[in-house]
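Keep the structure open next to the text as you read.

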Amino acid sequence: MIAKAQGSIRIALIDDDASVRSAVSRLLRSYDYACKTYESAESALADPELGHADCLVLDVQLSGMDGFALRDRLLHDGVLTPCLFITARADTDSPEWKRAIGNNPCVLKPFDESQLLLTIHKLLENRSRSLAP
């Protein structure tokens with residue numbers, strides 16, 4: 001069983017599919033995560049609050065700037081927020097994919113709710129450990 005979030009953990013969800021944004025944000029809120037959604041990388045970048053998120057859930061295949069380019073842009077701007085990629089792509093074993101994703105976790109669509117929640121939980125745990133004195 002996955003425990004509810006403690007405190008106001010902020011998750012930014014960037015996906016161009018409205019049904020995915022709606023379902024995932026409802027799921028995250030039901031576990032007491034604060035979730036802000038964006039329909040594109042560009043709309044996320046336009047929001048100064050994006051840098052305050054504790055975790056980013058990024059669709060790889062976005063209209064316009066894709067999830068990898070968004071992550072790279074944020075890193076370039078000094079935003080080190082942990083990223084979880086979500087995708088419906090089937091070629092996740094290719095060398096190009098592995099290079100692009102780096103050490104970031106990825107969950108394939110359609111995903112099981114518990115798989116998504118567990119992956120977010122692990123990302124947040126790792127972040128807490130790296131921030132601890």
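## Aromatic pairs

There are two aromatic pairs in this predicted model. Rings of Phe, Tyr and Trp (the six-membered ring for Trp) count as a pair if their centres lie within 6.5 Å; planes under 30 degrees apart are called stacked, over 60 edge-to-face, and the rest tilted. Take Phe-68 and Phe-85: their ring centres sit 4.9 Å apart with the planes at 65°, so this pair is edge-to-face. The pair links distant parts of the chain, with Phe-68 in helix 3 (residues 67–76) and Phe-85 in strand 4 (residues 83–87), 17 residues apart. Helices (H or I, at least four residues) and strands (E, at least two) are DSSP runs here, numbered from the N terminus.

Phe-68 also pairs with Trp-97, again edge-to-face, at 5.3 Å centre to centre and 70° between the planes. Since Phe-68 lies in helix 3 and Trp-97 in helix 4 (residues 95–101), this pair ties together parts that are 29 residues apart in sequence. Put together, the ring pairs link Phe-68, Phe-85 and Trp-97 into a cluster. Phe-68 and Phe-85 are buried, and Trp-97 is buried too. Buried stands for under 20% relative accessible area, exposed for over 50%, and partly exposed for what's in between (1.4 Å probe, protein chains only).

A word on ground rules: residues are numbered from 1 along each chain as its sequence is written, and side-chain values use heavy atoms, with hydrogens and water left out. As this is a predicted model, local features need pLDDT of at least 70 and side-chain atom pairs count only at pLDDT 80 or more, while totals for chains, interfaces and linings use all residues.

## Helix 3, end to end

At the start of helix 3, a side-chain oxygen of Asp-66 comes within 3.1 Å of the backbone nitrogen of Phe-68. Just past the other end, Gly-78 has a positive phi of about 85°.

Which residues of helix 3 are buried? They are Gly-67, Phe-68, Leu-70, Arg-71 and Leu-74. Looking down the axis, the buried residues of helix 3 fall within an arc of 160° (using directions from the helix axis to the C-beta atoms), so they line one face of the helix. The cover over them includes strand 1 (10–14), helix 2, strand 3, strand 4 and helix 4.

## Helix 1

Helix 1 (residues 18–30) has 13 residues and spans 18 Å from its first C-alpha to its last, close to the 18 Å expected at 1.5 Å a residue; the expected span is 1.5 Å times one less than the number of residues. Its buried residues are Val-20, Arg-21, Val-24, Ser-25, Leu-27 and Leu-28. They cover an arc of only 160° around the axis, which puts them on the same side of helix 1. After the helix comes Asp-32, with a positive phi near 70°.

Leu-116 belongs to helix 5 (residues 113–131) and is buried, at a relative accessible area of 0%. Leaving out residues up to four places away in sequence, Leu-116 touches Val-24, Leu-27, Leu-84, Ile-86 and Phe-111, where contact means heavy atoms within 4.5 Å. Leu-116 and Leu-27 are 89 residues apart in sequence, yet 9.7 Å apart in space, C-alpha to C-alpha.

Asp-54 sits in the loop between helix 2 (41–45) and strand 3 (55–59), and counts as buried at 12% relative accessibility. Among the residues Thr-92 touches is Trp-97.

## The whole chain

Zooming out, the protein has five helices and five strands, following the pattern β-α-β-α-β-α-β-α-β-α along the sequence. The radius of gyration is 14 Å, close to the 14 Å that the globule rule gives for 133 residues, so the protein is as compact as a globular protein of that length. That radius is taken over C-alpha atoms, and the rule is 2.2 Å times the number of residues to the power 0.38.

Of the 133 residues, 41% count as buried. Of the contacts with a separation of 6 or more, 63% are between residues 24 or more positions apart.

How values were computed:
Polar contact = N/O pair within 3.5 Å; in protein donor to acceptor, adjacent residues only side chain to side chain.
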